[in-house]
Each structure stands twice: as structure tokens, then as C-alpha cells.
Amino acid sequence: MIKEYKTHYKSNNFLLYGFSFFKSLQFFGSLCVPFYLIRLELSYTWMFVIETIFSVCVFLFEVPTGIIADKFGRKTSLFLGSLGFGISFFILGFTKNIPFLIFSQIIGAVGMSLISGADSSLIYENAKSVEKSPEEISVIASRYSGFSTVAMLLAFPLGSLFVSSGIMEYKTALGFVFVLTGIGLFIASFLVIFIKEPKSENGNSEKSAKSSILENAKGCLEAFTNPSLRRTSLNYSIISAFTFLMFWFYQSLLFENKVDIGWNGFVAAGFNLAASLLLFASGFIQKKLGTNKTIFLSALIPGLLYILIFAFYNNLVVILLGIFGVTMLKLFRDPIMITQMNTKISDENRATVLSGVSMFSRIVIAIFYPLSGLLMDSNPKITYLIIGLATVLCTIFLREKAE
């Protein structure tokens, strides 16, 4: 089998790298808020309600779409996922009708769920088929993520520059960046066709699907019934939800401070790149501060930055400091928190418990989305104060016990 498959190994890697790049060309990434508020003329509440539908659907489809990957293969799952995701962006780019917008979110959620996990699984199986070591597999997986990061760093600025360029009417351009993103996903789905999938040893997929539903339910329960894990799981889920909101708020903050929309993409690319550099220093920071103190400060500082934004609402320097600080620390703390949870989970339950925490996190975000929308429609400035105070209080209340 190894000799038969070795000829396909390198071409598979290149195809997967290409898939990672094209699926991550998110030209719309720094323009979601103007898209909803200006092109679609919706309120913050409606914007977050529509995004809540997407988040809930991803949660609901996570296990059922996993059955497709198990039964028909990762290649099929990636093809259908990128195709469906691409269609959802085309709908977003051309329609202003709320029912169609909701329909696009459902299709997009199915697409994301089909891609999620199937790509990393295919990378692993592809490398394993030619007897690659865990270290070599890790390098391949890192390269796959690297192509995704490069795509986003390119697409964010290009998308915002295009919208601000005047090449196309402003509202039309806000829709067209979604179409461009959809085209990237169609190219990604085309590349998947040429992948040679290794033979899987999954066994009976129906049995696997039924057990996975039960295991995810048990994992979600264990994450919050296990005393040693409960505080960490709640800390991760709630703080992550509060800090995740900045990925939406920063566009409003820039707009309210009269920053040209052409800069949105550069700000987004900037904090993503800065977060990547901070992650490289993660080991050094934890060694100097200790893991628990690192976790505490990476939650407390974003809370204080939200409050600082409230206090200096019209100071662009402070606004940029707040945007970069909250987003960078959110991206920085997530892998640390996941590692911390790993230390408290037994080997046989690790995958299901982490899956349960992930599913719970989506529920928390789905709850906060509409509330944030209502607050933003009422008073954006006060919204940052409320979220900042809530983040600080939760940080203190859910603080990890001393090492």
C-alpha cells in the first residue's frame, strides 16, 4: 500500500496547501460590519441575530456532517463543504433579502462543518500512509495552517482597499468582496477533486456516528461536572466569547473614529500577524509568569482595555491599542487554555471533552451575540464598558487556583 500511495503523497500535500490558501482568501473579513449596516441597512441587533443563526447551525451540524466524512471520505466532505460555503458567499454578495440571508447562513454552517476536522484528518492520513513520523506530520500541518494565514494576511487588506478604491460603487463593492471569497472557495473545491484519498480504517461509520453523538454529549457534561475542569472550561468559554466580540467591534470603532474603510484590512492583518508573533513567545512568557498568571492576565488585560476604550472613545491611539490588545490576547490565550484543559482530562476522554467544551463555547457566543446587538443599537460606548466590567469580574471569579 505504501509503494502504491507514495506517488500521490507529494501531489496531495501541494493540493492541500492550495486548498488551505484558497479557502482562506477572506476578502470580506474586515468588512462584515459595513456590509450589514451600510449595504444591507440592518441594525446591530439584526446583524448579530443572523450571525447567531450561523453559530447555532454550526453547533447543530457538527456531528451529522462528521458522518459524511466517516462514510464517504474526507475528500468528499471537503469538496461538498467548500462548494457549499462558496455558494453561501455568492448568496450574501447578491441578495438583500433577510430570508435569503438566513438561508445563506445555514448553507455556510453546513459547509464549515463539513470542512472542520476533515482537512486535518486527511493531512494526518495522507502522511501516515507513507509512514511519516509525528514530528513530520506536525510540520506538514503547520505548513497547511501557514498557507491559511498568508491568504488571510493578503485578502484582508486587498478586500478593504478594493471597497475604498472607487472602482465599483461602494455598496456594490461591499457585496462583491463576498463573491470574490466564494470564487476562492470554488477554486478550493476544484483542487480537492484531484486529491487521492488514502484508504481509511474507520470501521462501521453508522456505529461511529451514533457513538459520537453520545460521546459529545458526555464530553460536554464532563467538562462542567468534573470539579477540577469546571472552572477552566467556564473560563475558556466565557472569556473567549467576550474577547471574540472585538473581531466585530473593531470595524465599528474604526468607522466611528472616521478611519477610512481602506485601512480596515491592514488593521485586521496587523493584529493577526502580531498575534502569531506573540504565540511564538508563548513558552517564554509562561516560563516567566507561570501558566496560571499568564491565563489570568490574558483575560484581565482585555477587560481593562474594553474599559479604556469606553473612557477614551475618541482617541484613535487608545482605540488601536484596545483593538490590538484584545484580539491578540484572545488568539494568544486559546491554545494555552486548551493545553490547560488537556492536563485535567484522561486520555480516553480527551477528544470528547474538548469537543464538548467547543460546543458549549458556541452556545455562549450565540447567547452573547443578540445581547451585544441590542446594546450596540442602544449605546455603543456603554457596550464596551459593560463588556469590560463583565470580563474583569469573570476573570477574577473564574481565576485558576494557585499552581
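**View 1. Helix α14 (residues 291-311) supplies the largest share of the lining of the largest cavity, 4 residues.** The model is predicted: local features need pLDDT of at least 70 and side-chain atom pairs pLDDT 80 or more, while totals for chains, interfaces and linings use all residues. Residues are numbered from 1 along each chain as its sequence is written, and side-chain values use heavy atoms, with hydrogens and water left out. Helices are DSSP runs (H or I, at least four residues), numbered from the N terminus. The whole structure has 1 cavity of 30 Å³ or more, and the largest holds about 30 Å³ of space. A cavity is a set of points on a 1 Å grid over the protein atoms alone where a 1.4 Å probe fits but cannot get out; lining residues have an atom within 4 Å of a point. The lining consists of Asn235, Asn292, Ile295, Phe296, Ala299, Arg333, Thr395, Arg399 and Glu400.

**View 2. Ile363, Ile367, Leu371 and Leu374 make up a nonpolar surface patch.** Together they have about 360 Å² of accessible area (Shrake-Rupley method, 1.4 Å probe). Patch residues have over 30% relative accessible area and no salt bridge, and nonpolar side chains are joined within 5 Å. Ile367 belongs to helix α16 (residues 350-378).

**View 3. Lys171 and Glu41 form a salt bridge.** The N to O distance is 2.9 Å. This pair links distant parts of the chain, 130 residues apart: Lys171 is in helix α8 (residues 170-192), and Glu41 is in the loop between α2 (32-39) and α3 (44-72). A salt bridge is a side-chain nitrogen of Lys or Arg within 4 Å of a carboxyl oxygen of Asp or Glu; the count is 2.

How values were computed:
1 Å grid on protein atoms, 1.4 Å probe; cavity = no way out; pocket = protein on both sides within 12 Å on 5 of 7 lines; lining within 4 Å. Points joined across faces, edges and corners; volume = space filled by probe spheres on them. Helix = DSSP H or I, 4+ residues; strand = E, 2+ residues; numbered from the N terminus. Patch = residues over 30% accessible without salt bridge, like charges linked within 9 Å, V, L, I, M, F, W, Y side chains within 5 Å.
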